[in-house]
Amino acid sequence: MLGTPIFGPAAGHFYADNHRQAWVGIGTRTGGALLPFLGLEVAGRLESGGLGILLLTALAGGATVLISAVHDITTADDAVREQAWARPSGVSGVRVASIQVNPTTSGPGGKQLGLTVEVEL
């Protein structure tokens with residue numbers, strides 16, 4: 001369950017072949033998730049104020065994970081879109097000039113409805 005907020009937001013960047021950003025995000029969120037453990041270690045060594053440090057590092061770590069996840073989720077769609085435009089299409093050199101979709105009726109009494117699609121290449 002912990003892997004979902006760490007690795008999940010990077011999925012779009014991996015899909016877009018934007019591996020550097022995906023790994024930066026994973027590293028940032030992993031560091032944020034480990035920050036409370038550092039606070040726990042420091043709090044254990046202090047005689048007073050340990051709880052405050054633990055709470056501060058837990059809040060800072062949670063905020064780091066949240067901000068990094070939101071950043072990766074919101075920027076992944078742009079990365080996927082850019083990658084899709086950069087990839088060559090399946091049919092080389094074909095351009096669609098226009099597309100028209102029109103409603104049609106047919107059959108006895110015009111009771112059958114349909115659509116015609118006209119594509120001009």
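Predicted model: local features only at pLDDT ≥ 70, side-chain atom pairs only at ≥ 80, totals over all residues.
Leaving aside residues up to four places away in sequence, Q100 touches T116, V117 and E118. Q100 itself sits in strand β1. Now pick the C-alpha atoms of Q100 and V117: they are 5.7 Å apart in space, although the two residues are 17 positions apart in sequence.

V101 belongs to strand β1 and is partly exposed, at 49% relative accessible area. That value falls in the partly exposed class because a residue has to be over 50% to count as exposed.

Step back and colour the whole protein by secondary structure. The protein has 4 helices and 2 strands. Of its 121 residues, 19% count as buried. The protein exposes about 8900 Å², and carbon and sulfur atoms supply 66% of that area. Among contacts with a separation of 6 or more, 46% are between residues 24 or more positions apart.

Now go to the helices and select R29, which is found in helix α3, residues 19-45. Is R29 buried or exposed? R29 is buried, with a relative accessible area of 0%. Show the residues around R29: apart from those up to four places away in sequence, R29 touches P5, I6, P9, A10, V65, S68, A69 and D72. First, draw a line from the side chain of R29 to the backbone oxygen of I6; the distance is 2.9 Å.

Side chains of opposite charge can pair when their charged atoms come close. Here the side chains of R29 and D72 meet in a salt bridge, at 3.0 Å from N to O. D72 lies in helix α4, residues 50-86, and R29 in helix α3, so the pair ties together parts that are 43 residues apart in sequence. D72 is buried as well, with a relative accessible area of 0%. How many salt bridges does the count give? The count comes to 1 salt bridge.

For the last stop, select F14 and W23 and show their rings. The structure holds 1 aromatic pair, and F14 and W23 form it in an edge-to-face arrangement. The ring centres are 5.4 Å apart, and the planes make an angle of 80°. The pair is called edge-to-face because its planes are over 60 degrees apart. F14 is partly exposed, at 26% relative accessibility, whereas W23 is exposed, with a relative accessible area of 53%.

Terms used. Residues numbered from 1 in each chain as written. Heavy atoms only, no water. Phe/Tyr/Trp six-rings, centres within 6.5 Å; stacked < 30°, edge-to-face > 60°. Buried < 20%, exposed > 50% of the residue type's maximum accessible area, 1.4 Å probe, protein only. Polar contact = N/O pair within 3.5 Å; in protein donor to acceptor, adjacent residues only side chain to side chain. Contact = heavy atoms within 4.5 Å. Areas by Shrake-Rupley, 256 points an atom, 1.4 Å probe, with all protein chains shown as cover. Salt bridge = Lys/Arg side-chain N within 4 Å of Asp/Glu carboxyl O.
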